[in-house]
Amino acid sequence: MIDKDTRGLGLAPATADDYRELARRRLPRQLFDYLDGAAYEEQTAGANRQAFSRLRLRQRVMRDVSQLNLSARVLGQELALPLILAPLGLAGAMARRAEVQAARAAERAGVAFCESTVSICSIEEVRAATTAPFWYQLYVMRDRGYTRELLARAQAAGCPVLVLTVDLAVMGARYRDTRNGMTGALPLVGRLARAWDLLSHPHWLLDVAIRGKPLTFGNLAAAVPDARSLPAFKAWVDSQFDPRITWTDLAWVRENWRGKILVKGVLDVDDAREAAAAGADGLVVSNHGGRQLDSVAASIDALPRIVDAVGDRLEVLMDGGVRSGLDVVKALALGAKACMLGRAWGYAVAARGEAGVAHMLSVMRQEMEVALALCGVTDLAALDGEALVQAGQQLRPGDPASGRHEEFGISAIRD
Ligand code: FNR
């Protein structure tokens, strides 16, 4: 987080956190809170960040770092950087046709974009605006016929990877949304306060509310033709999440999907093993950005043991709290194949649209280059626990004190 003392003159955004501040100013409060907020006391969302900041990189020098390779092959796709823009529902309410803007920025940067089931722009709109393959995220809905239709549409659009999100069997409560009156009927005063919140943000009003229409869930329009407002759509979507889903449903998804399947939302080693047994191609270690069950582990803390358990069978990605290229390098050092960026792109697109996302990604690239070079590593693929040391120490191989890494549950750190 950037505090006021380090913000300088505030003339230009330097980091993903700077885009957060710009998004805070640009967006109506209720939308910023939807994007920025998390479940209950937001402890896990905070832990996602704190756990990254506890990790220390191991500086190495004099190792010829003139040629760096940051590219990665993730689930069969060549990426210029090991990054995927995570599925963000309702992104198109943050900026005009935001999914299209973000997908274009991703294409320019050579990273993957993942379209959410509950996007504003439809699969077809994103397809028409881009040429690179993008990924599709699915929530398995009670209405299996409609779910099958969605899969067929994503296949027709050439999506190579299906991201099956499994941590939404029920919805975690996001109390900021409750306080902003997003979750229930409001008396007149409340409705006026919310309307004023929208009207007092003229940039957003012009860019999104006027020029960004239609503000409906593009992929679901046919399923809920009567819905006239986002809350009406949201009510339908909430009622559609299927709490009965189990690993056997993965076989049903497989029958209806020709490409790769990435299971998103795994935090536990036993679940990771089940995902492997059920035939997933990969998984995303994720707590949904702390938006589901609060008090669960930070994703980066859960990552190493999952990599140990299934990394030889599955491609293991992670998300949650990734805000810089240094975070990405840390995650890869702990065994992740790639990282998904959630709020980082949400803030950037809300603040500056496609240019903001493109800039944020270029900053991440530069940060990754510097981190790699000063860790003395020339190829991302060669990153491992050797690139990390415990906070407060620069341990050498064989140093007896290095066993202390285990105290932190980070078994992959070199010792
Ligand atoms: C999400 N996330 C999410 N995940 C998913 O599978 N489908 C979705 O529609 C959404 N929608 C969504 C909306 C918003 C506003 C946020 C912030 C997040 C979760 C997302 O894909 C990702 O897992 C987290 O955002 C990662 O954490 P960070 O990077 O935001 O800290």
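The dialogue below takes up the terms one by one and sets values against definitions.

Tutor: This is a predicted model, in which local features need pLDDT of at least 70 and side-chain atom pairs count only at pLDDT 80 or more, while totals for chains, interfaces and linings use all residues. Residues are numbered from 1 along each chain as its sequence is written.

Student: Why is Glu115 called buried?

Tutor: A residue is buried if 20 or more other C-beta atoms lie within 10 Å of its own, exposed if 12 or fewer, and partly exposed in between, with C-beta atoms placed from the backbone. Glu115 has 29 other C-beta atoms within 10 Å, and is therefore buried.

Student: Why does Glu42 count as partly exposed?

Tutor: Glu42 has 17 C-beta neighbours inside 10 Å, and therefore counts as partly exposed. Glu42 lies in the loop between helix 2 and helix 3, and has a positive phi of about 60 degrees although it is not a glycine.

Student: Is Asp64 buried or exposed?

Tutor: Asp64 has 8 other C-beta atoms within 10 Å, so it is exposed. Its place is in the loop between strand 1 (56-57) and strand 2 (72-74), and the phi of Asp64 is likewise positive, near 45 degrees.

Student: What makes a run of residues a helix or a strand?

Tutor: Both are DSSP runs numbered from the N terminus: helices are H or I with at least four residues, and strands are E with at least two. Glu115, for instance, is placed in strand 5.

Student: What makes strand 5 and strand 6 a pair?

Tutor: Two strands pair if DSSP finds at least two bridges between them. Two bridges join strand 5 (residues 112-115) to strand 6 (residues 135-138), and the two run parallel. Glu115 stands opposite Tyr136 in strand 6.

Student: In what order do the strands of the barrel follow one another?

Tutor: Eight strands close into the barrel in the order 4-5-6-7-8-9-10-11, with parallel pairing.

Student: What does Glu115 touch?

Tutor: Two residues are in contact if their C-beta atoms, placed from the backbone, lie within 7 Å. Not counting residues up to four places away in sequence, Glu115 touches Pro87, Glu99, Ile123, Val126, Phe134, Tyr136 and Gln137.

Student: How do you know that the length of helix 13 agrees with its number of residues?

Tutor: The expected span of a helix is 1.5 Å times one less than its number of residues. The 12 residues of helix 13 should span 16 Å, and its end C-alpha atoms are 16 Å apart, so the two agree.

Student: Why is helix 13 called largely enclosed?

Tutor: Nine of its 12 residues are buried, so helix 13 is largely enclosed by the rest of the structure. The buried residues include Ser299, Ile300 and Asp301. Among the elements they pack against are helix 3 (43-54) and helix 14 (325-333).

Student: Why is helix 14 also described as largely enclosed?

Tutor: Eight of the nine residues of helix 14 are buried, so the rest of the structure largely encloses it. Helix 14 is followed by Gly335, whose phi is positive, near 110 degrees.

Student: What makes up the shell around the ligand?

Tutor: The residues of the shell divide into 10 nonpolar, 12 polar and four charged. Ala, Val, Leu, Ile, Met, Phe, Trp, Tyr, Cys and Pro count as nonpolar, Asp, Glu, Lys and Arg as charged, and the others, Gly among them, as polar. Helix 15 gives the most to this shell, with three residues.
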